[in-house]
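Please keep the structure in view while reading.

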Amino acid sequence: MGKGLFGMIAVALKMLMGDRVKYLGLVFGIAFATLLMTQQMSIFVGLLTWGANPVLDVRQAQLWAMDPRVDQPDEGQPVSDAMLYRVRSVDGVAWAVPYFRSTATLKTVEGQLAAVTLVGVDNQSMIGLPADNLAEATQAIRGRNAMIVDRNNAYLIWPDGRDPVGQVAEINDNRVTITGTTSALTTFAGLPTVYMKFTDAIAITPPERNKLSFILLSAKPGTNIEELKARISQTTGLKVLTRDEFAAAGTQFIIDNTGIPASFGTAIFLGVLVAIVITALTLAMFIQENLKNFGALKAIGVTNSQILVMVLSQALLVGFIGYGLGIGGTAAFLTFGADSPGLRGFSLLGEIVGWSAVGVAAIVVGSALLSVRRVLRMDPAIVFRG
Amino acid sequence: MRALLDRFRPARTRRSHQMEAQVNPALAAQGIGIVMEFPNGNERLRVLHGVDIEVPYGQLTMLVGPSGCGKTTLLSILSGTLSATDGVAAVMGQRLDLMGDNQLVTFRRRYIGFIFQQYNLIPTLTAAENAAIPLIANGTPWEDAVGRSSRLMEQLGLAGHTGKLPRQLSGGQQQRVAIVRALAHEPALVVCDEPTAALDAEAGQAVMGLLDEAAADSRRAVLVVTHDDRIFPFADRIVRMEDGRMAAGSQP
């Protein structure tokens, strides 16, 4: 097979690229399918990540303790303040701090109402603030009823784009002053996140018997995490999850309770279908139109192995170029859309790049093998039959 | 991959010929007692009934006869693109019917040149690239192969057409490119299936002139299947067939 193979591959590529309509049809078909698949997968993964972001934004907390009924981070079931002290008393706990998370309605001085996610962070350690601008935010939040705002979504509160710092607003008739900004990871709820000290947050929200949404804690060095979780649960009756477990629970909640997987799954399936249909049909048409030429090549002495490599080369070339264009399109879409609130935090993951490459390769190789069967079976004497 | 390819190899009925065939190595091609049957529903249709034929070197042999008499089938068998149901087919004294598939393909690539009725030039390759295909398939580097085919084209009166695509050439010019393709690797046997059928009289004469020159080489034979009686004068030998047999009085 080796002798003359590279020359015959060159013949094959010239055969394909000279047929501009089919060549471009294949390239753009695969590019479109790749774009559809990878763009939809990226958005899907990005949306799932949004479900985990409330947890991922709290980098200092190794473990989250919560009411056993809680399924995801935006669904806090308040527990008794006493639980915080009981958790702290468990052997192996290095520290434990309160964390408040709830939705609230913020009213601007102009009277405009905006739903926000109000987060109350520990008064002393400020654990719970995002990492961005942490030093300044930590200082800015210390004053009474001081509030830090996620600047990414501040436009949802003040659509005119004004600087939030210095603005005054009300939550439940309590005056709050915006003293700083931070950058929070986008959450699935899509509301602007505002931060206050824990005591301020629970003071301005409607009275309830319990207001402690979560307890954030860390283990002492050398402590077995699983054993610590079990000890805390045994002592307090709370559910304890690691940061990763709770983040995964956030994404799982979206998978289990929304139509997003079905919607995106359909789009991705359609992308695969488009790729298969376009590639298989166009390659089949190309081979059908060149059947006599392939027959002539076989008569001249080109082996079935060489024909197979020729067709695979054609398929892989259009697959490679089409895939490159498609991935490039997705990368451009995500890059240029990075500032859009609807796409914030979305990225083209290496796994998506890798698996989509495998998928496209499988589609083009499969299509090529299906299409070439007729040529391989063909008797070379067919060229003499008029 | 080998298993996959084996699945798609044309079924070859390789019944060993019972008689002790006397293959003459002095002939470019030879057929002895060639029988060919094709499936026809539940029966088998016999299109060649034990045909003998000899194709000497240095001659242009024409295989003529009415449509459906088996000329093209015999040509396919002698060129190693079709396996006979029975009988012996040999080229350069080597029995094609005893060769394995890969051996046969390699043999065709090296020693046989093909000219088809419809030229079968690849539309997206230039004339010189088309003519270079047998050389490329034989492992000659691309530039060398195209250079060689270009020079041959110039010798055969196609200077200035080497870089053109087939659609930019007339039918006669395309067939001449096909002749260059058939001769580029200097085969011992050139087989032509109705080479003038798609050409006007003038172009047909020009093409036959080239084939006649090619046949003048004592290391080569040209076998032409045709029923175009305008080109009979170019033949050194004419072998007539009727109903799958050699016509009465026709030499093998």
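## A helix pair in chain A

In this predicted model, the crossing of α2(A) and α11(A) is right-handed. Helix α2, which spans residues 20–56 of chain A, packs against helix α11, residues 350–377 of chain A, at an angle of about 150 degrees, and their axes are 11 Å apart. Because angles over 145 degrees count as roughly antiparallel, α2(A) is described as roughly antiparallel to α11(A).

From α2(A), the residues that make the contact are A:Ile30, A:Thr34, A:Met37, A:Thr38, A:Met41, A:Ser42 and A:Val45, while α11(A) contributes A:Ile352, A:Ser356, A:Gly359, A:Val360 and A:Val364. Sorted by class, this contact of α2(A) with α11(A) comprises seven nonpolar and five polar residues, with no charged residues.

## Domains of chain A

Chain A is divided into two parts: domain 1 takes in 5–52 together with 259–384, whereas domain 2 covers 80–237. The C-alpha centres of domain 1 and domain 2 of chain A lie 49 Å apart.

Where the two parts touch, six residues of domain 1 of chain A are in contact with six residues of domain 2 of chain A. On the domain 1 side of chain A, the residues that touch domain 2 are three nonpolar, two polar and one charged.

## Make-up of chain B

Chain B contains eight helices and ten strands, and of its 252 residues, 49% are buried. Among the contacts in chain B with a separation of 6 or more, 71% are between residues 24 or more positions apart.

Definitions and conventions:
Residues are numbered from 1 along each chain as its sequence is written. Chains are lettered from A and ligands numbered from 1 in the order in which they are written. This is a predicted model: local features need pLDDT of at least 70, side-chain atom pairs count only at pLDDT 80 or more; totals for chains, interfaces and linings use all residues. Domain bounds come from an automatic or database domain assignment. Two residues are in contact if their C-beta atoms, placed from the backbone, lie within 7 Å. Ala, Val, Leu, Ile, Met, Phe, Trp, Tyr, Cys and Pro count as nonpolar, Asp, Glu, Lys and Arg as charged, and the others, Gly among them, as polar. Axes are lines fitted to C-alpha atoms, for helices over the stretch in contact, and angles run from 0 to 180 degrees between N-to-C directions. Helices (H or I, at least four residues) and strands (E, at least two) are DSSP runs, numbered from the N terminus. Angles under 35 degrees count as roughly parallel, over 145 as roughly antiparallel, 65 to 115 as roughly perpendicular and the rest as oblique. A crossing is left-handed if the near helix is turned anticlockwise from the far one by less than a right angle, and right-handed if clockwise. A residue is buried if 20 or more other C-beta atoms lie within 10 Å of its own, exposed if 12 or fewer, and partly exposed in between; C-beta atoms are placed from the backbone.
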